[in-house]
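This briefing is intended for a reader who has the sequence and coordinates at hand.

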Amino acid sequence: AAVMGEATQPPRPGIGVGVVVTSPAHPNCVLLGKRKGPAALRLRNVRFASAVNSVCAAARYHYVTVLMKGEAEPEAEPRNREPEKNEGWEWVKWDEFPPADQLFWALRCLREQGYNPFTEELDHLKGYTGSHQLA
């Protein structure tokens, strides 16, 4: 408990790692899962994509997430190894994503940055202020 007159420290942010997965078999698509769970998919050419600082004071949520990108091995398709945690995996066109309020917060912030998983440019980080205040 805080002593009267003392400022309370905000909780420390959680730290996460996410991966944006592409596949030559699914042009212009990324792998999107509903809820959390591994995709049981071997990746190649894994590299840095971005970092996001997602904050939602109302939900007491603060996560800094490092996002990588990688390519699925040729002919590889995801398997749902934890059906109790994950409704499944689906290849979704990057330009046809669900609305932002339906996305995992780090992915929502990544899209708000202007990230493009089909280029090696990191232009989405130019002018990035380092924080996304989520409602």
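**Aromatic cluster**

Tyr63 is partly exposed, as its relative accessible area is 32%. The model described here is predicted. In it, Tyr63 belongs to an aromatic cluster together with Tyr61 and Trp105. The points below begin with that cluster and then extend to the rest of the protein chain.

- Four aromatic pairs are counted in total.
- Tyr61 and Tyr63 make up a stacked pair, with 5.5 Å from centre to centre and 25° between the planes.
- Tyr61 counts as buried because its relative accessibility is 19%, and the limit for buried is under 20%.
- Tyr63, at 32%, is instead partly exposed.
- The pair of Tyr61 and Trp105 is edge-to-face, because the ring planes stand at 80°, with the ring centres 4.2 Å apart.
- Tyr61 belongs to strand 4 (residues 61-72) and Trp105 to helix 1, so this pair ties together parts that are 44 residues apart in sequence.
- Both Tyr61 and Trp105 are buried.

**Overall fold**

- One helix and six strands are assigned in the protein chain.
- Along the sequence, these elements follow the pattern β-β-β-β-β-α-β.
- The protein chain has 135 residues, of which 36% count as buried.
- Among contacts between residues at least 6 apart in sequence, 70% join residues at least 24 apart.
- The accessible surface of the protein chain is about 8,800 Å², and carbon and sulfur atoms account for 52% of that surface.

**Nonpolar cores**

- The largest nonpolar core contains 15 residues, and the members that touch the most other members are Trp94, Phe97, Leu107, Leu110 and Tyr115.
- At least two residues of this core come from each of strand 2 (29-34), strand 3 (43-56) and helix 1 (105-112).
- Helix 1 contributes the most to this core, namely four residues.
- A second, separate core comprises eight residues, among them Val21, Cys29, Leu41 and Ala76.
- With neighbours within four places in sequence left aside, Tyr115 is in contact with Val20, Ala49, Lys69, Trp94, Leu110 and His124.
- Trp94 also takes part in a charge-ring arrangement: the charged end of Arg111 sits over the ring of Trp94, 4.5 Å from the ring centre.

**Pairing of strand 3 and strand 4**

- Strand 3 and strand 4 run antiparallel and are joined by eleven bridges.

- Which residue has a positive phi of about 50° although it is not a glycine? That residue is Arg60, placed in the loop between strand 3 and strand 4.
- Arg60 counts as exposed because its relative accessible area is 65%, and the limit for exposed is over 50%.
- Glu75 is another residue other than glycine with a positive phi, here near 70°.
- Glu75 is located in the loop between strand 4 and strand 5 (88-93), and its relative accessible area of 73% makes it exposed.
- Is Ser23, in contrast to a residue on the surface, buried or exposed? Ser23 is buried, with a relative accessible area of 6%.
- The location of Ser23 is the loop between strand 1 (14-22) and strand 2.
- Apart from neighbours within four places in sequence, Ser23 is in contact with Ala72 and Trp91.
- Arg12 is found in the segment before strand 1 and counts as exposed, at 79% relative accessibility.
- Although Arg12 and His62 are 50 residues apart in sequence, their C-alpha atoms are 7.6 Å apart in space.

Technical notes
Residues numbered from 1 in each chain as written. Predicted model: local features only at pLDDT ≥ 70, side-chain atom pairs only at ≥ 80, totals over all residues. Heavy atoms only, no water. Core = buried A, V, L, I, M, F, W, Y, C linked by side-chain atoms within 4.5 Å. Buried < 20%, exposed > 50% of the residue type's maximum accessible area, 1.4 Å probe, protein only. Contact = heavy atoms within 4.5 Å. Areas by Shrake-Rupley, 256 points an atom, 1.4 Å probe, with all protein chains shown as cover. Phe/Tyr/Trp six-rings, centres within 6.5 Å; stacked < 30°, edge-to-face > 60°. Lys NZ or Arg CZ within 6 Å of the ring centre and 35° of its normal. Pairing = 2+ DSSP bridges.
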